[in-house]
Every structure is written in structure tokens, then in C-alpha cells.
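Hi,

I'm passing on the structure we talked about, and I'd be glad if you would look it over. The sequence and the model come first, and my notes follow below.

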Amino acid sequence: MIDVGFWQTVRREIGRICSRKMYLGGMIVVPVFMALFFVSLLNEGLPLKVPTAVVDLDHSTMSRSITRSLGATELIDVSRHCESYDDAMDDIRTGDIFGFFVIPDNFERDVLAGKTPTLEYYNNLTYFVPGTLTFKGFKTVAVTTSGSVVRTLLVSAGMSDTSVGPLLQPVVIQDHPIGNPWLSYAIYLSPTFIFAVLGLMIYLMTVFSITIEIKQGTSAQWLASAHDHITVAVTAKLLPHFVVWSVVSQFCLALMFCYNHFPCGDLWAMSLAIELFIIASMAFALFITCVLPNPRLAFTCCALIGILSFSFAGISFPVQNMYGPIAIFSYLVPVRYMMLIYFTVGLDAFPVYYARMYYVALIIFPFVAATLLWRLRRACLKPVYVP
């Protein structure tokens, strides 16, 4: 009897999905569009050639050499040559450049005289990424110029080239970035943003599919189709959603790891993780709906949590450095565990064993939601819509 009610409810939900364009937009169009958007937006991997300026007050051979070194740097582009500090600041205020490098007057003369002239560089960190890249490019050129000047002075004083090298750089540093040797923003940001958007849309569409029954007064019919078994009713209603979300999420994984060739240690483990992530996200939205069986309140709560999960899930700021009360919320959203699985199994290519607790955390979400199904059943039997 339960089996008959289960498939009857499934067919009923498939009919509802096919009858409203909102399901097509919310479950397919928006997630696919956002996946393509994030992948194409960060296609270059790292922003290169940030517009900058040089304020050359010396106009000497050495200052022109520094300017050429700045232009040859991969991260910055010397797009302007300003005559004064004020002109460069005006260009920063108008947004034409993101920083400028100042070569002081009499720079070459002071260097040859053994003095210590100062190279200055200014960065606009209002825009964090281009400002940081500008700072890195300027600092690299400044340090290189300083070492070159010291080397020239020591050699002119009579030291040999073989003696100057170890003196300037006594310790040679080798940098080997693990998991992302290309230092690509796309490899880190695109998957995490896509997971967060998927989670947000799953929250909203799950809440919509359940609360619309209460709003339209059809929740009693929905429950009756499952022979008054709320567990069967919820499972059968969300099964078609799970199938659609599975296809969409697997497309996103193929887009990232097969088409764009993002590094992934175990693609099968990631496929399993995304399926558990879908179930956990639907269970999270179901839990919110059971607590607040009202369309407006449930939508607001899920939208707020979904948007904030971009921040307190640790995507843009490490959880370890958050305030304690805020950090607690990071462990209450499924996207946090999906992101940790991606970092552990995908980027770092560790065995699934080291991410086992994150998989377990995703599995726990449906059991937590099941504890409040009685509230949803009561709301379905006596639907009251409060606009």
C-alpha cells in the first residue's frame, strides 16, 4: 500500500514540475548559467596585466631600466607615465589605474654616490585582488632593483661575482604550491562558488515545492496521495527533484574537471560527494520548512542562510579566524562540508579516508530533518497560509 502511494506521489510531483516554468528556471537554467558564468569569468585563472602607472622624477638610465622591468612583469601593465604624485593620485581616483610606482629625483646619482634612495609604490586596496597583485608586482621589482644596486656597488668595490651571490641570497627558497601549482583563482573559486549556488537554489526550490502546497491548500491532497505517511510523501516529492539536481550537478562536475581540466584526485569520490550534498541541502531546506511552515518565512530564512554561506562557510575567509559565535554557523550548512571534501579529495588528492567525517556530516542532515516531520504533517493536514 505504501509502495502504491509512493509512486502515485512521484507521478503527482512530476506533473507539478512539468506544469510550472519556475521549476525549469530554478532547477536547470539558473544553476547551469551560473556554472558557465563562473567558469568563463575566471577562465584566465589569474588576473594579469593590472593597469598601473610610473612616476619617473629622475629620467635617468637607471630609472628607465626600472620602468622596463615593471613593464616586463607578468602581473602589472605600465599603462601610464605620470609627471607627478598628484597626477597619479587623480588617475587612481578615476579608476584608470590601481597603483603607481615612484622613482625619486636624483635616484641614479644617489645610488652611485652610495646613498640610500627610497623607491615608493602605492596600491589601491579598495579592489582587493588587483590591489594585491599590483603590490606583489611592485614589491618584486623593488626588491630586485635593490639587490641589483647592491650587487653593482659590491662588484665595483672589488668583490667577485661568486662572492656577491651568496652574500645577497644566503638561502635559496624553492616554492612548490601543492594542489594548485598554477596559482589559478579559477581552480579554487569556481568550484566553491558553484557548490554554494547549487546549495542556495536547492534550498529555495525545495522550500517552494513544499510550501506551495500549503499556500494553495493542496497539502492535504499531497499527504493523502501517500496514504497519510509523511515520510513517504516527502521522499516521493523530493525524488524527482533529486534526479534533476543530480543531472545538473554532474554536468557542473564534468564542466569543471573534464572540460576545463581542473585538478581532481578522485572524480568518483567527488561524484558521490555531490550526490550526498544534494540530499543534505534538500534535508536542510526541509528542516527549515518544518520549523517555519510558511512560504515567506521559510524562503527568507533559506535565502539568508544560502547567501551568507558564501562567507561563513570559509570560502572567502578562514573559519579558524572568525569570531567564535560566527564560526559555529559554518558547521551548520552542507556547503561547508562539500567544500572541505573538494579541498581534501579534489585539490590535495588525499584518499577518501581523510575526508570520511565530512561525508558522514552530509549523511547526518536527513536524519536531523526527519525528527521534525511531525510538524510538517500537522501543517499539511490543516494548511493555513499567512501572507
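Before the notes, one definition to have at hand: helices here are DSSP runs of H or I with at least four residues, numbered from the N terminus. Please also keep in mind that this is a predicted model.

With that definition in place, let me start with a local pair. Asp-90 and Arg-93 form a salt bridge, with 3.1 Å between the closest N and O atoms. Both belong to helix H4 (residues 85-94), and because they are three residues apart there, about one helical turn separates them. Asp-90 is partly exposed at 40% relative accessibility, while Arg-93 is exposed, with a relative accessible area of 61%.

Now the overall picture. The chain holds 16 helices and four strands. Its radius of gyration is 29 Å, well over the 21 Å that the globule rule gives for 387 residues, so the chain is more spread out than a compact globule. The C-alpha trace spans about 95 × 45 × 40 Å along its principal axes. Of the 387 residues, 46% are buried. Among contacts with a separation of 6 or more, 74% are between residues 24 or more positions apart. The chain exposes about 20000 Å², and 66% of that comes from carbon and sulfur atoms.

On charges, there are 24 positive and 24 negative side chains. The centres of these two sets lie 18 Å apart.

The salt bridges are where I would look next. How many does a search of the whole structure find? There are six salt bridges. One of them joins the side chains of Glu-13 and Lys-237, at 2.5 Å from N to O. Glu-13 sits in helix H1 (residues 2-19) and Lys-237 in helix H10 (residues 230-259), so this pair ties together parts that are 224 residues apart in sequence. Are these two partners buried or exposed? Glu-13 is buried, with a relative accessible area of 1%, and Lys-237 is buried too, at 0%.

Lys-237 has another partner: a salt bridge links Lys-237 to Glu-213, with the closest N and O atoms 2.9 Å apart. Here too the pair links distant parts of the chain, with Lys-237 in helix H10 and Glu-213 in helix H8 (residues 185-216), 24 residues apart. Glu-213 is buried, as Lys-237 is. Through shared partners, salt bridges join Arg-12, Glu-13, Arg-16, Glu-213 and Lys-237 into one network.

Helix H10 also contains Val-234, which counts as buried at 6% relative accessibility. Leaving out residues up to four places away in sequence, Val-234 touches Trp-222, Leu-286, Leu-373 and Leu-376. The C-alpha atoms of Val-234 and Ile-210 are separated by 8.5 Å, although the two residues are 24 apart along the chain.

Ala-283 is buried, with a relative accessible area of 7%. Ile-363 lies 80 residues from Ala-283 along the chain, and 9.7 Å separates their C-alpha atoms.

Finally, two backbone points. Most residues other than glycine have a negative phi. Which values does phi take at Asn-106 and Asp-228? At Asn-106, phi is near 60 degrees, a positive value in a residue other than glycine. Asn-106 is in the loop between strand S3 (99-103) and helix H5 (107-112), and it counts as partly exposed at 27% relative accessibility. At Asp-228, phi is near 65 degrees, again positive in a residue other than glycine. Asp-228 is in the loop between helix H9 (219-225) and H10, and it is partly exposed, with a relative accessible area of 41%.

If you have time for one region, I would open the view on helix H10: it holds Lys-237 and Val-234, and the loop with Asp-228 lies between H9 and H10.

Best wishes

Methods: Residues numbered from 1 in each chain as written. Predicted model: local features only at pLDDT ≥ 70, side-chain atom pairs only at ≥ 80, totals over all residues. Heavy atoms only, no water. Helix = DSSP H or I, 4+ residues; strand = E, 2+ residues; numbered from the N terminus. Rg over C-alpha atoms; globule rule 2.2 N^0.38 Å. Buried < 20%, exposed > 50% of the residue type's maximum accessible area, 1.4 Å probe, protein only. Contact = heavy atoms within 4.5 Å. Areas by Shrake-Rupley, 256 points an atom, 1.4 Å probe, with all protein chains shown as cover. Lys, Arg positive; Asp, Glu negative; His and termini not counted. Charge placed at Lys NZ, Arg CZ, Asp CG, Glu CD. Salt bridge = Lys/Arg side-chain N within 4 Å of Asp/Glu carboxyl O.
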